[in-house]
Amino acid sequence: MRRRARELAMRALFAHTQGGVDLEEALRHALEEMGGEEEPYGDPLDEEGVVFARRLLLGYKAHQEEVDRILKETVEGWDFGQMAKTDLTILRLATYEMLYEPTPFAPLIEVAVKIANRYGGEHSGAFVNGVLGRLYRRIQEGEIKTVPKED
């Protein structure tokens with residue numbers, strides 16, 4: 001459920017940031033598109049998943065400046081203009097979630113990599129994994145504070 005919710009949030013944020021579509025409209029459109037797709041991982045999107053996706057989107061928008069600043073500091077050798085837009089969108093949502101949601105780090109990073117592999121280019125999964133791994137190390141070293149995580 002959470003993987004599909006993150007995928008929904010990624011697709012909506014992508015349409016919002018790249019296409020200038022209103023965030024709620026982008027969410028509705030992404031939800032309609034995903035409604036007709038086969039569920040390759042067997043976890044259909046329910047109302048709880050839609051609520052979670054909306055929470056990620058609104059959370060990112062509320063903390064966009066901070067999330068983008070931390071992401072820029074974490075990504076080495078790339079600026080946002082050079083990155084694949086799908087990778088950037090995935091990284092923005094995952095960074096928000098790492099900082100502000102109680103989700104444990106390991107499953108969050110794993111799902112972000114799976115989404116990058118599905119929607120990005122040949123090296124997207126490895127790129128996303130590397131950036132989020134670097135962010136995780138910065139958090140572990142106490143350089144960046146996060147909300148408490150669930151066990």
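Start by selecting helix H6, residues 105-119: its 15 residues reach 21 Å from first C-alpha to last, close to the 21 Å expected at 1.5 Å a residue. That expected span is 1.5 Å times one less than the number of residues. Helices here are DSSP runs of H or I with at least four residues, strands are runs of E with at least two, and both are numbered from the N terminus.

Before going further, note that this is a predicted model, where local features need pLDDT of at least 70, side-chain atom pairs count only at pLDDT 80 or more, and totals for chains, interfaces and linings use all residues. Residues are numbered from 1 along each chain as its sequence is written, and side-chain values use heavy atoms, with hydrogens and water left out.

Stay on H6 and color Phe-105, Leu-108, Ile-109, Val-111, Ala-112, Val-113, Ile-115 and Ala-116, which are buried. Buried means under 20% relative accessible area, exposed means over 50%, and partly exposed is in between (1.4 Å probe, protein chains only). What do the buried residues of H6 pack against? Show helix H1 (2-19), H5 and helix H7 (124-140), and you have the partners. Contact here means heavy atoms within 4.5 Å.

Now click Asn-117, also in H6. Asn-117 is partly exposed because its relative accessible area is 48%. Its side chain reaches the backbone nitrogen of Gly-125 at 3.4 Å. For a distance check, pick the C-alpha atoms of Asn-117 and Leu-132: they are 15 residues apart along the chain and separated by 14 Å.

Next, select helix H5, residues 85-100. H5 has 16 residues and reaches 22 Å from its first C-alpha to its last, close to the 22 Å expected. Is H5 mostly covered or mostly open? Mostly covered: 14 of its 16 residues are buried.

Then bring up the largest nonpolar core. It has 46 residues, and Leu-91, Met-98, Val-128 and Leu-132 touch the most other members. H1, helix H2 (23-35), helix H3 (47-62), helix H4 (64-74), H5, H6 and H7 each give two or more residues to this core. Such a core is a set of buried Ala, Val, Leu, Ile, Met, Phe, Trp, Tyr and Cys residues joined through side-chain atoms within 4.5 Å. Zoom in on Leu-91: leaving aside neighbours within four places in sequence, Leu-91 is in contact with Leu-71, Met-83, Phe-127, Val-128, Val-131 and Leu-132.

Over to H1, where you'll find Arg-6. Arg-6 counts as buried, because its relative accessibility is 11%. Beyond neighbours within four places, its contacts include Phe-52, Glu-97 and Val-111.

Finally, zoom out to the chain, with its 7 helices and 0 strands. Its C-alpha atoms fill a box of roughly 40 × 35 × 30 Å along the principal axes. Buried residues make up 46% of the 151 residues.

Conventions: Polar contact = N/O pair within 3.5 Å; in protein donor to acceptor, adjacent residues only side chain to side chain.
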